[in-house]
Amino acid sequence: MNRREWLRALGLVVGASAKPTAAFGLLNGSQQPKPEPSSEAQSLTLADYEPKSMLHAQETALDRAAFPVIDVHTHITVSKKSQNGVALAAQRTYLGQPEELFSVMDRKNIRSMVNLTGGYDEGLTEVIAKYDKAFPTRFYSFTEPCYERFLEPDYPRIQADAIEHAHSAGAKGLKILKTLGLYLRENITSGKLVKIDDARFDPMWDTCGQLNMPVAIHVSDPIAFFTPTDRFNERYEELSNHPDWSFYDRDFPSNAELLEARNRVFARHPRTQFTVLHVGNFSENLDNVSENLDRFPNMTVDIAARIGELGRQPRRSRRFFDRYQDRILFGTDATPHGDQFPQQVFNDKLYEIYYRFLETEDEYFDYAPAKVPPQGRWRIYGLGLPQSILKKLYNENAARVLQISA
Ligand SMILES: [Zn+2]
């Protein structure tokens, strides 16, 4: 049996049902007599496969974090309108009302949520009034660039001024979605892609530095999104469920090109603080993230939606947390009612998993509240971080970056 037939037998080829000859008998080893495969085994496809671990492993229930949490990466509001990946409206869609969020926050010891996608102009003012001002210290909002006006000749100045207005309206920082580098084009939604280090954004980065407004920046995605969606892709199911998440081919830059353009921005704006989301956008390669942290003192990272990556390399991750304990921020990417993305759905279970990962030495557990691991079929191992690091991670580092009290 060649490799392809073997994968087919396991149901690893999409849409193919297993050949009756092998099915799971293959996994039993050759010494035992092979039982006749059941009809379910014959037709089992990868999507239906939900193996239950037989491991007798420690299960620690952690309802609350060891210290009050500042979640620096949430999406409580999002743009009302977007086209080809570019947000085009100041107006916001509200995903969770404050009162509804408090129940989870209070049960899970979440002191504050940072809503990164607060928008701009009147959309932002409304968000700040409803959350930040109505419930001080519980919510902080970030502004975002107004790409709608990108074609105006004076855009660099307009965008820099918009940062100043957002700052006086109460925005705590600037959020850059991967729009810049992967979606924004010369004619906004068509034409050539605009590079992350495009000079038209220089005044914006500088203004953030002058106003001490941190920039939360997301420029790339899991490295598997830049490779073909085939049987070798470790995020095959995730990409099959979300084909538009693939940046393989077409006119997209490579992951390396995106990170290099981002790094040129960091080098050019040393007075501006950048928090690179999702573990510096390269959680599969902590050596790369470490090199960049060493190179750029103006860089910090969050861990949002990447405990699946950190937790499958627990010894390397532990060294990473030890070394950069002052520069890692707690974030989850939590999205109220984001049920279609279990790795970031805002609920009790999500936070319990994060706390278990950071605080315990439990082994081989799910990184997301889902029947099938949504980002790839593996499980994770807890880091068992000491209290001194947990305190920094849960709130002190974020408080320093956001310039609020810990
Ligand atoms: Zn996010």
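What you're looking at is a predicted model, where local features need pLDDT of at least 70, side-chain atom pairs count only at pLDDT 80 or more, and totals for chains, interfaces and linings use all residues. Residues are numbered from 1 along each chain as its sequence is written, and side-chain values use heavy atoms, with hydrogens and water left out.

Now find the zinc ion. Its protein donors (N, O and S atoms within 2.8 Å of the metal, or 3.2 Å for Na, K and Ca; water is not among the atoms, so sites may look incomplete) are His73 (NE2), His75 (NE2) and Asp333 (OD), lying 2.1 Å from the ion. Along the chain, these donors follow the spacing H-x1-H-x257-D. Histidine 75 sits in the loop between β1 (69–74) and β2 (77–79), while aspartate 333 is 258 residues away, in the loop between β12 (328–329) and α14 (348–359). Helices (H or I, at least four residues) and strands (E, at least two) are DSSP runs, numbered from the N terminus. Histidine 75 and aspartate 333 are both buried.

Next, salt bridges: here, that's a side-chain nitrogen of Lys or Arg within 4 Å of a carboxyl oxygen of Asp or Glu. By this rule, the count is 29. One of them brings together lysine 108 and aspartate 348, at 3.6 Å from N to O. Lysine 108 belongs to helix α3 (residues 98–108) and aspartate 348 to helix α14, so this pair ties together parts that are 240 residues apart in sequence. Both of these residues, lysine 108 and aspartate 348, are buried.

Arginine 264 and aspartate 197 make another salt bridge, at 2.7 Å from N to O. Arginine 264 is in helix α9 (residues 255–268), and aspartate 197 is 67 residues away, in the loop between α6 (179–182) and α7 (202–210).

Aspartate 322 has a relative accessible area of 32%, so it is partly exposed.

Key
Buried < 20%, exposed > 50% of the residue type's maximum accessible area, 1.4 Å probe, protein only.
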